[in-house]
Amino acid sequence: MSSTIQDAAQMVTYKTGEAEFSVYAVPGQVEKWRRDHNIPIVDVVESFDIYEVPGGGHTGLMGRPPKHVLERAFNTTNENEI
């Protein structure tokens, strides 16, 4: 089975004052969810893993943020809540 660009996950980014976080979503589902919050978030998010580029921005190696960074940005380290 071959994969096309349409099958690729969509990156969704959230910026705070000092960091930029990303999750991967099912293509096209984010727009639907923004119009209809009755759509379960599990049908929208490809993975509940949270990523960041240290120092923010779109360049650099993306990795998993340390728990203290999540706590400072979201007041929790629970990725399901974030």
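Student: Which residue stands opposite Phe 21 in S2?
Tutor: Tyr 14 does. S2 covers 20–25 and S1 covers 10–15; strands here are DSSP runs of E, at least two residues long, numbered from the N terminus. The model is predicted, so local features need pLDDT of at least 70 and side-chain atom pairs pLDDT 80 or more, while totals for chains, interfaces and linings use all residues. Residues are numbered from 1 along each chain as its sequence is written, and side-chain values use heavy atoms, without hydrogens or water.

Student: What makes S1 and S2 a pair?
Tutor: Two strands pair if DSSP finds at least two bridges between them. S1 and S2 have six, in the antiparallel sense, so they pair. They form a hairpin with four residues between them.

Student: Which residues is Phe 21 in contact with, leaving aside its neighbours within four places in sequence?
Tutor: Contact means heavy atoms within 4.5 Å. Among the residues that meet this for Phe 21 are Val 12, Tyr 14, Ile 50, Pro 65, Val 69, Leu 70 and Phe 74. Tyr 14, then, is both opposite Phe 21 and in contact with Phe 21.
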